[in-house]
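Visitor: I would like to learn how to read the features of a model, one at a time. Please show me the example.

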Amino acid sequence: MSTVSALPFLKSSLLMRPPMGSTSPRRGRRHTLPASEFRCLSPEDAISVFEIEREAFISVSGECPLHLDEVCHFLTLCPELSLGWFEEGRLVAFIIGSLWDQEKLAMDALTLHKPHGSTVHLHVLAVHRTFRQQGKGSILMWRYLQYLRCLPYVRCAVLMCEDFLVPFYQKSGFKVQGPSDITVGPLTFIEMMYPVRGHAYMRRNSGV
Ligand SMILES: CC(C)(COP(=O)(O)OP(=O)(O)OC[C@H]1O[C@@H](n2cnc3c(N)ncnc32)[C@H](O)[C@@H]1OP(=O)(O)O)[C@@H](O)C(=O)NCCC(=O)NCCS
């Protein structure tokens, strides 16, 4: 995915340009970073991703959804299933996904990308600490789900989360599927699903 426009939620960098002619040609054009930008991540963003994960998860529980090598792995294999929110060039929130090819998530889903799958497994959504509780997590998820609709091979999105985050994902349209088969140490999870495509897609692709 190329850069996704930040509008309508945010001021476009275009709107923030100085009036025409206010920059002296002698001083040359000023290169300013866009106020807000949504784009897919690349392996070069892995360190910024991991910094946010370190604060959000490792400092809390000692664990995190994706370790640095796994972040690099998925951003190399399927960068088009990630989305980052940048403010003046700085990563403030991100989602990383990969493809999965079964009804339910299994342990392998934590490390594998199945290129022929039609389910997007959302490994992680995280917002930088100083930008939380401002609606950014919900907005980023909304944009991501809209974007998935443009990918013809995607049927649904799934994730697993701890109990306390179920209401947050329900607000984004995810439905509870039941307890996940996956456990990480003492942690248990609820599996949730968002139907990106409805029954028409299933009929078209079922071969019936
Ligand atoms: C969870 C997270 C992504 C939400 O993003 P956010 O931008 O802070 O959330 P928004 O401002 O869009 O929405 C706020 C809502 O999120 C929910 N929420 C956020 N953090 C929560 C938490 N720790 N416990 C319970 N609910 C939470 C609440 O429903 C809240 O609504 P309220 O303000 O009415 O209470 C963000 O807090 C975060 O990065 N947390 C650390 C990493 C994490 O837990 N990621 C999810 C698992 S992969």
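Visitor: Which residue in β7 stands opposite P179?

Guide: P179 has I190 of β7 opposite it. This is a predicted model, in which local features need pLDDT of at least 70, side-chain atom pairs count only at pLDDT 80 or more, and totals for chains, interfaces and linings use all residues. Residues are numbered from 1 along each chain as its sequence is written, and side-chain values use heavy atoms, with hydrogens and water left out.

Visitor: What makes two strands a pair?

Guide: Two strands pair if DSSP finds at least two bridges between them. Helices (H or I, at least four residues) and strands (E, at least two) are DSSP runs, numbered from the N terminus. Here β6 and strand β7 (residues 187–195) run antiparallel and are joined by 6 bridges.

Visitor: How many residues lie between the strands in the hairpin of β6 and β7?

Guide: There are 2 residues between them, and G185 takes a positive phi near 55°. G185 sits in the loop between the two strands.

Visitor: How many bridges join β2 to β3?

Guide: β2 and β3 run antiparallel and are joined by 6 bridges. W85 stands opposite A93 in β3. The two strands form a hairpin with 2 residues between them, where E88 in the turn has a positive phi of about 45°. On the other pairing of β2, strand β2 (residues 82–87) is antiparallel to β1 over 4 bridges, with F38 opposite W85. β3 also pairs with β4, in the antiparallel sense and over 8 bridges; I96 has V124 in β4 as its bridge partner.

Visitor: How many residues of β3 are buried?

Guide: β3 is mostly covered, with 10 of its 11 residues buried. Over the protein chain of 208 residues, buried residues make up 41%.

Visitor: Why does T119 count as buried?

Guide: T119 counts as buried because its relative accessibility is 3%. It belongs to strand β4. Contact means heavy atoms within 4.5 Å. Leaving aside neighbours within four places in sequence, the contacts of T119 include S98, W100, R155 and C156.

Visitor: How many disulfides does the structure hold?

Guide: A disulfide is a covalent bond between the sulfur atoms of two cysteines. The criterion used is a pair of cysteine sulfur atoms within 2.5 Å. The structure holds 0 disulfides. As for individual cysteines, C156 is buried because its relative accessibility is 4%, whereas C72 is partly exposed at 29%.

Visitor: Which residues are the closest to the ligand?

Guide: A residue is near a molecule or strand if one of its heavy atoms lies within 4 Å of it. The ligand is surrounded by 17 residues, and the closest are L125, V127, G135, G137 and S138.

Visitor: What is 2.8 Å from a polar backbone atom of L125?

Guide: It is a nitrogen atom of the ligand. A polar contact is a pair of N or O atoms within 3.5 Å; within protein, one must be able to donate a hydrogen and the other to accept it, and residues adjacent in sequence count only if both atoms are side-chain atoms. A backbone N or O atom of G137 is 2.7 Å from an oxygen atom of the ligand. For R132, an N or O atom in the side chain is 3.5 Å from an oxygen atom of the ligand.

Note on methods. Buried < 20%, exposed > 50% of the residue type's maximum accessible area, 1.4 Å probe, protein only.
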